[in-house]
Amino acid sequence: LSGLSRDGESSRVMSSYEPTPHSVQCAWMDPLNSSQLGPRLGPDYSYHPPSTHPTTSELKCDALDLVQSMIAHNPLERPTAAEACDHPFFWNRDKRLGFLVDFSDRLERESAGSIVLAAVEARAQSIVGVAWDERLDRGLIDDVSKWRRYDVSSVRDCLRVLRNKRHHWHELPNRVQQLLLPFPSGLDLYFEQRFPRLLLHCYNVAKLWLPHDRIFAGPNGYFGAYARRYQKAYDRERALEQENARERAQELERAAARAVVVAREAEAARAAAE
């Protein structure tokens with residue numbers, strides 16, 4: 001994995017990272033397994049202040065995800081060569097930032113309590129920490145706080161900050177702009193260093209719950225060659241859910257019919273006794 005890099009910039013950055021005693025392994029999960037939607041429990045996350053870098057293993061979560069999929073035990077679960085080339089690990093910084101911005105925009109169309117929002121917030125603590133504002137520079141926090149209030153434990157609100165700064169870059173104070181240069185790739189790198197699991201987490205939510213969305217699965221969408229695979233998996237899951245629902249409904253109908261028969265037999269027995 002040490003030889004893989006998305007671009008020259010990330011390769012140089014990665015080479016400067018040193019492992020720390022507080023290194024945290026990437027946490028892989030189904031972005032919405034109902035059993036994981038309880039309290040936001042996850043591994044402790046040791047925050048690296050702005051003066052230091054996250055560990056190499058944290059920055060390469062997407063590389064590990066790609067390799068794990070390529071060596072899956074079931075051959076049908078392994079990506080094709082074309083699919084592997086469309087994996088987020090190989091995205092350049094503009095595409096990575098564009099995905100997070102578009103994904104954040106897409107979340108704004110979700111109604112409260114939607115399963116997509118629930119999936120985004122699943123195990124939020126392992127994605128953005130207990131309070132993501134503690135990982136950002138004070139100048140940036142002061143600027144975003146002027147315009148609205150944010151839930152600093154929410155993945156969705158963390159994405160909102162990223163999106164808003166992408167759209168309103170020229171309104172930022174000069175000292176804050178200096179933190180995010182070169183723009184826009186510097187903005188993506190800034191957030192990746194502080195939230196190395198954010199991109200892959202959002203990508204996994206999109207592939208599971210938004211596989212037919214034109215933003216992600218269209219001709220020029222982010223899924224690329226993966227689009228058909230994700231759509232088929234989603235369709236299979238929905239078909240299975242519908243089949244299970246039909247079976248439950250049929251069982252209820254049979255139970256109701258049996259109850260009617262029992263009631264009639266009891267009524268006939270009482271009439272005969274009289």
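**Note on helix α5 and its neighbours**

1. α5 passes α12 in a left-handed crossing. This is a predicted model. The axes of the two helices, α5 and α12, come within 10 Å and cross at roughly 55 degrees. That angle makes α5 oblique to α12.

2. Which residues carry the contact between α5 and α12? From α5 come Arg96, Phe99, Leu100 and Phe103. They meet Leu198, Leu199, Cys202, Tyr203, Val205 and Ala206 of α12. By class, this contact of α5 with α12 holds nine nonpolar residues, no polar ones and one charged.

3. Helix α5 spans residues 93-107, and helix α11 spans residues 185-194. Their axes lie 9 Å apart, and the packing angle is about 70 degrees. α5 is therefore roughly perpendicular to α11. The crossing of α5 and α11 is left-handed.

4. On the α5 side of this contact stand Arg93, Arg96, Leu97 and Leu100. On the α11 side stand Ser185, Leu187, Asp188, Leu189 and Glu192. The contact of α5 with α11 divides into four nonpolar, one polar and four charged residues.

5. α5 passes α9 in a left-handed crossing. α5 brings Leu97, Leu100, Val101, Phe103, Ser104, Asp105 and Leu107 to the contact. α9 brings Arg156, Leu159, Arg160, Leu162, Arg163, Arg166 and His167. By class, the contact of α5 with α9 has seven nonpolar, two polar and five charged residues.

6. Leu100 meets α11. Leu100 also takes part in the contact with α9. Leu100 is again among the α5 residues that meet α12. Arg96 is listed in the contact with α11 and in the contact with α12.

7. A search of the whole structure finds four cavities of 30 Å³ or more.

8. Which element gives the most to the lining of the second largest cavity? It is α11, with three residues. By class, the lining of the second largest cavity has six nonpolar residues, no polar ones and three charged.

9. The loop between α10 (174-179) and α11 deserves a look. Proline 182 is found there. A cis peptide bond joins leucine 181 to proline 182, with omega about -5 degrees. Proline 184 is found in the loop between α10 and α11 too. The peptide bond from phenylalanine 183 to proline 184 is cis, with omega near 5 degrees.

10. One further backbone point concerns arginine 123. Where does arginine 123 lie? Arginine 123 lies in the loop between α6 (115-121) and α7 (124-128). Phi of arginine 123 is near 55 degrees, a positive value in a residue other than glycine.

Definitions and conventions: Residues numbered from 1 in each chain as written. Predicted model: local features only at pLDDT ≥ 70, side-chain atom pairs only at ≥ 80, totals over all residues. Heavy atoms only, no water. Axes fitted to C-alpha atoms, helices over the stretch in contact; angles between N-to-C directions. Helix = DSSP H or I, 4+ residues; strand = E, 2+ residues; numbered from the N terminus. Parallel < 35°, antiparallel > 145°, perpendicular 65-115°, else oblique. Left-handed = near helix turned anticlockwise from the far one by under 90°. Contact = heavy atoms within 4.5 Å. Nonpolar A, V, L, I, M, F, W, Y, C, P; charged D, E, K, R; others polar. 1 Å grid on protein atoms, 1.4 Å probe; cavity = no way out; pocket = protein on both sides within 12 Å on 5 of 7 lines; lining within 4 Å. Points joined across faces, edges and corners; volume = space filled by probe spheres on them.
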